[in-house]
Amino acid sequence: MFPILYSFRRCPYAIRARYCLAILGVRVKLREVVLKAKPNALLSLGGSSTVPQLLTQNGERLPQSLDVIFWSLAQTENHSLAASLWPLQKTAQQKIVSWLNYNDRFFKYWLDRYKYADRHPDFSEQYYRMRGEVFLARLEARLSARAFIMGDQMSLADICLFPFIRQFAAVDSDWFNASKYEKVKGWLSGFLMSESFSEVMKKYPAWEEGQEVVYFPR
């Protein structure tokens, strides 16, 4: 019996969860969700109906992307990769959590306003971009001395952040491509050009009860 993952292709939280599942080789049944018409199977779980959400083989519900990610680390047989993504050292873990917290609590706030500036007319799109650039500048400085956020190896910090930087870049791709954030652009490109990202971003029809099972990763 396979776990069930409710997901939405473009959601950055779902992207980071699927990316971890893909590189760790942890297989699930994928149920693609249309956010405006969520399936009853998801709604009937009660509580939040956001994605991603995962139901384990034992029926346990994991309602957040980080829940799914840490579950996948525990399930994988690729223990060396799991250890590099989430090092055993407490100081390293604390640094990763710090990056995640800043991204999810602060950068995401300005990203949403930059993406949907017309819905937030108090300030201009350029203003919201400028506030988001504070994080880009911090990331640029970090990547100037290393290939990834934590050093020479990819960690959960990189995986959990790149989908949000991808969204920021896509708001005005001409501006981003011409920007001064050369290290960030190279770091992001490495993810977007990877085979794992191609696997993660494959399009699937919205899941309906009784349809053929989609396994992810394939």
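A residue is termed buried when its relative accessible area is under 20%, exposed when over 50%, and partly exposed in between (1.4 Å probe, protein chains only). At 16% relative accessibility, Lys108 therefore counts as buried. The structure is a predicted model, in which local features need pLDDT of at least 70 and side-chain atom pairs count only at pLDDT 80 or more, while totals for chains, interfaces and linings use all residues. Residues are numbered from 1 along each chain as its sequence is written, and side-chain values use heavy atoms, with hydrogens and water left out.

Helices (H or I, at least four residues) and strands (E, at least two) are DSSP runs numbered from the N terminus. Helix α5 comprises 26 residues, 90-115. Buried positions in α5 include Trp99, Asn103, Phe107, Trp110 and Arg113. The buried residues of this helix pack against α1 (12-24), α3 (65-75), α4 (79-85), α6 (125-143), α7 (156-171) and α8 (173-178), contact meaning heavy atoms within 4.5 Å.

Side chains of opposite charge can pair when their charged atoms come close. With a salt bridge defined as a side-chain nitrogen of Lys or Arg within 4 Å of a carboxyl oxygen of Asp or Glu, a search of the whole structure finds five. One of them joins Asp104 to Arg16, with the closest N and O atoms 2.9 Å apart. Asp104 lies in helix α5 and Arg16 in helix α1, so this pair ties together parts that are 88 residues apart in sequence. Asp104 is partly exposed, at 23% relative accessible area, whereas Arg16 is buried, at 1%.

Lys108 also takes part in a salt bridge, with Asp112 (2.8 Å, N to O). The two residues are four apart in helix α5, so about one helical turn separates them. A further salt bridge is formed by Arg129 and Asp172, whose closest N and O atoms are 3.8 Å apart. This pair links distant parts of the chain, with Arg129 in helix α6 and Asp172 in the loop between α7 and α8, 43 residues apart. Arg129 is buried, with a relative accessible area of 12%, and Asp172 is partly exposed, at 24%.

Arg31, in strand β2 (residues 28-32), is buried yet has no salt bridge. The nearest side chain of opposite charge (Lys and Arg count as positive, Asp and Glu as negative; His and the chain ends are not counted) is that of Glu209, 5.2 Å away. The side chain of Arg31 instead makes a polar contact with the side chain of Tyr6 at 2.7 Å. Such a contact is a pair of N or O atoms within 3.5 Å; within protein, one must be able to donate a hydrogen and the other to accept it, and residues adjacent in sequence count only if both atoms are side-chain atoms. Beyond four places in sequence, residues in contact with Arg31 include Ile4, Ala41 and Trp207.

Ser65, in helix α3, is buried, with a relative accessible area of 4%. Not counting residues up to four places away in sequence, Ser65 touches Tyr13, Arg16, Ala17 and Pro52.

Key: Expected span 1.5 Å × (residues − 1).
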